[in-house]
Structures are given as C-alpha cells and as structure tokens.
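Colleague: Hi, could you put the model up on the screen? I'd like to go through its sheets and helices with you.
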Amino acid sequence: MDPLRLALVALQKEQGNNQCADCGAEAPDWASVNLGIFICIECAKIHKSIGPAVTHVRSVQLDKWTDKMIEDMNKCGNARAKAIWELNVPLCWKRPKPDSPLVHREQWIRAKYERKEFVAGVKDADRPYIAGSMQGFLNKKRRQPVDEYKRRFFVLNNESQSLSYYINCGDKKPKGSIQVSTLNASLVVPGKEHSNAMLLTYRGESGKMRNIFVYADSGQVIMDWLCAIRMAKINAAKIVNTEDANEITRDPIKMGELCKTPPQQTKLQRRFFVLDRNSLQYYKSPQDAEPLGEIFLSESDWVDTNIPHIFAHHPNMFMLHTSGREGGGFPFLTVDSFVRDSWMAAIHAAIETVKKSPEVFTFRRNYITDDYIGNKSDSMDQEASPITPSTFQFSDIDAIWDLPT
C-alpha cells in the first residue's frame, strides 16, 4: 500500500472518523474531501447527488488521493466537522441512523451542508418548523378507494396544540382535527408508496388506533412537517434535553407479514403486523386506516417456540403467550426461521421494556374484538376457542408463501 493510502487509512481509524459523520454507521469507507469527513457508502450516494460544489466525494480504497487531499482531511475530521455543522441542531431534529429512511438521511445531510440549518448564526426564519406551527398542502390517502390520494390543506397550530386538515384552503371548518398530545409522526411508513411519505397515528377517545398516510412533493417539505410536529410536542411537554426530545415521537419497532389463526381456528390467515411499543397490531393491507385488531403486551407475557403439537407440521412458528387469553396465547407462522427469530426477539424486547416501566403501559386490553372494526371473522379476542386437533386444518399452510413441503 502506498504511503498516501496508509496515511488516509490511519486517519480513517481515528476516534470519531471510524463512524459515518452523518448516520453513525461503523467503518465508513468514503469521504467528503472539502468537508473533511468520513462517510458510509449510503450517505456518500446522497453527497454525490448534492454535487461537488457542496461536497466532493472520494472512495478511501478506490480513488486516487493527493497530498493536498490528505492534508485537508487531517485538518478537519468528523469531530471537528460536527462542531461546525451541528453546532445549532434544534431539539426537533432527530439524528438519522444507518437504517433510517432515505428521506430522513438525505434531508439531514442537505440541512447540514447545503442549507446550513445548524451552523452558528442561523436564523429561525430559515427553519420554518422551529416555532411548532406550520401550514400547507399535503397529499392524504383516502379510506376509499384505498389507492387514491387527495390534496388537502393541513394546519399545525402550536398555540392550540392541534393538527387540522381542510378539503380546501379557504374552508372555515376542518374535515378533521387531532390533538398533538395524542399524535405520533414517523417517516417509517408500511407499504410505502411515495418516497416523501409520513405516517400520522393517533388514538381516538375509544382507544382505537387510526392511521393517516400523507406525502409531500419534496423531501424537504415532509421533513419540515415532521420537525414542526415534533417541535409542537416538545413545546407542550416543556422538554429541554435531546434524550427526551428523541422519544417524543417514535418509529414502529418492527413491521412485516405473519400468518395467524382466527377465532374459528380452522385456517391460517396472512396479515400485515406492526409492533409499536407494547402494541401488536395487524392489518389486512399495510396501508389500512385502522387495524383489524390489536394485542397489548404486558409484563407477564412471553414468546417461545413451544407451540401446540398440532402445529408441529411446520418449524417456523412461534407462540406469544398472554396471561389473559383462553387457550394459552397466539400462534404465528413465519416464512422462515430468520424471520421467526427476528420477530421473537423484537416482541421479547418490547415485553422487557414494559417490565421496566409497567406504569407507562397501563392502557392494556388484550383483545381483538368484533366491535373494534366490525370484522368478527378476523378477530383474535380472549373468548376465542382453544386450538384442538379437530378444529385446525393444515390444508394450505405451505401454500401461503408457496413454501416447499
């Protein structure tokens, strides 16, 4: 290895440089020469899309380096760059992780280096979200037909702590209004159809979960909306530190397809599941407005592979044992052992979180009832009959994912 490459690799391994300057990924193998930072390959793609006038991207291993480039990298580095470009990050901005949605990572990078939103002397006028109030058009998914979006005028009011939307900009009465205290916003969107999408969730007075899917015409707009909603919630809660601010909104813990048994216990049904804090919700389709049902986890629940003997036909199943359900719990079928183990680990971690702070998760109704959505045939409530060999059928268990027998 030539001396220049050796010097560059040595810089790359220094404390601070061994993680991506933008998302924190380990062992970044790319760099922005003019910014003097080491970045991962995914963030490097975003830097390249911005252009060399803002950020000049080079591969540590593949590209040629000059003495001047090495000197520039040595003068700065990730730690010094952070002190400049992240000096004034507001509480409503949440640093992306390596697995964060592309729009989150891209807008974080553009806000830092292109729009310079976090540098010294930045004005609040350059950050429209900072007041916790905002208004403008977003495209909102209709309940029916399910694939149709309509342009709606949204108003976030920090003073009244409400998010309302109108059919037309000049309407006096909103079509819908949500209290910010009950609202969660996330860029992790199930069945994502648009790159600049956001999921708004809240519980109504009855406790039912409601999902609103929206998207904006640009990534910056949807990111501004997310930050404004987070700022409104931060203001209401009077949060002053980053750790608490990061938790003011949350992303789903895990999402994906599982197969479950309905109350009749006669067949397996393929459904889309979302694990969110202590709630395991399931939907017929990923972008349904409301779940077909919901299981609330408690500190006494657990997961394992000790499934009833009638399920021994298939190895990729697990049980969610709940103390309140007749029959012992809920059996789930997964497509393979990796998916099974990942779901078990995620649910176990959620239960452990409940154990640490059971008082936080007092709203627990371990039910999936017909009055929740009005779909009795697809419920998994506590009154379901226990599984027995005479009631369960394996006629199409392997055809659900076209699995080999």
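Colleague: How many bridges join β5 to β6?
Modeller: Five, and the two strands run antiparallel. Keep in mind that this is a predicted model.
Colleague: Which residue stands opposite L156 in β6?
Modeller: That would be L163.
Colleague: And what about the hairpin of β5 and β6, how many residues has it between the strands?
Modeller: There are four residues between the strands. Look at Q161 in that hairpin, which takes a positive phi near 55°.
Colleague: Nice. On to β4 and β5, in which sense do they pair, parallel or antiparallel?
Modeller: Antiparallel, over eight bridges. As an example of who faces whom, L138 stands opposite R152 in β5.
Colleague: Then what is the strand order in the whole open sheet?
Modeller: Seven strands line up as β7-β6-β5-β4-β10-β9-β8, with antiparallel pairing. At the edges you find β7 (176-179) and β8 (184-186), each pairing on one side only. From one strand to the next, the twist averages 35°.
Colleague: How many bridges join β6 to β7?
Modeller: Four bridges connect β6 (residues 162-166) with β7, again running antiparallel. Within β7, Q179 is the bridge partner of S162.
Colleague: Which helix packs on the sheet?
Modeller: Helix α6, residues 219-237. This helix touches β4 (134-141), β5 (149-157), β6, β8, β9 (197-203) and β10 (209-215). The direction of α6 makes about 115° with that of β4.
Colleague: Let's switch to the other sheet. What is the order of its three strands?
Modeller: They form an open sheet ordered β2-β1-β3, with antiparallel pairing. Because β2 (37-39) and β3 (57-59) stand at the edges with a single partner strand each, one side of each is left without a neighbour in the sheet. Neighbouring strands here are turned by 35° against each other on average, direction ignored.
Colleague: And how many bridges join β1 to β2?
Modeller: Three bridges, with β1 covering residues 30-32 and the pair running antiparallel. One thing to click on there is S32, which stands opposite I37 in β2.
Colleague: Helices next. At what angle do α2 and α5 cross?
Modeller: Roughly 55°, and the axes come within 10 Å. For reference, α2 is residues 41-50 and α5 is residues 102-114. The two helices are therefore oblique to each other.
Colleague: Is that crossing left-handed or right-handed?
Modeller: The crossing of α2 and α5 is right-handed.
Colleague: Which residues meet there?
Modeller: From α2 you have E42, C43, I46, H47, S49 and I50. They meet L102, R105, E106, I109, R110, Y113 and E114 in α5. By class, this contact of α2 with α5 has six nonpolar, two polar and five charged residues.
Colleague: Speaking of charges, how many salt bridges does the structure hold?
Modeller: It holds 20 salt bridges.
Colleague: How far apart are E114 and R110 along helix α5?
Modeller: Four residues, so about one helical turn separates them.
Colleague: Why would a pair like that form at all?
Modeller: In general, side chains of opposite charge can pair when their charged atoms come close.
Colleague: Great, thanks for the tour!

How values were computed
Residues are numbered from 1 along each chain as its sequence is written. This is a predicted model: local features need pLDDT of at least 70, side-chain atom pairs count only at pLDDT 80 or more; totals for chains, interfaces and linings use all residues. Side-chain values use heavy atoms; hydrogens and water are left out. Two strands pair if DSSP finds at least two bridges between them. Axes are lines fitted to C-alpha atoms, for helices over the stretch in contact, and angles run from 0 to 180 degrees between N-to-C directions. Angles under 35 degrees count as roughly parallel, over 145 as roughly antiparallel, 65 to 115 as roughly perpendicular and the rest as oblique. A crossing is left-handed if the near helix is turned anticlockwise from the far one by less than a right angle, and right-handed if clockwise. Contact means heavy atoms within 4.5 Å. Ala, Val, Leu, Ile, Met, Phe, Trp, Tyr, Cys and Pro count as nonpolar, Asp, Glu, Lys and Arg as charged, and the others, Gly among them, as polar. A salt bridge is a side-chain nitrogen of Lys or Arg within 4 Å of a carboxyl oxygen of Asp or Glu.
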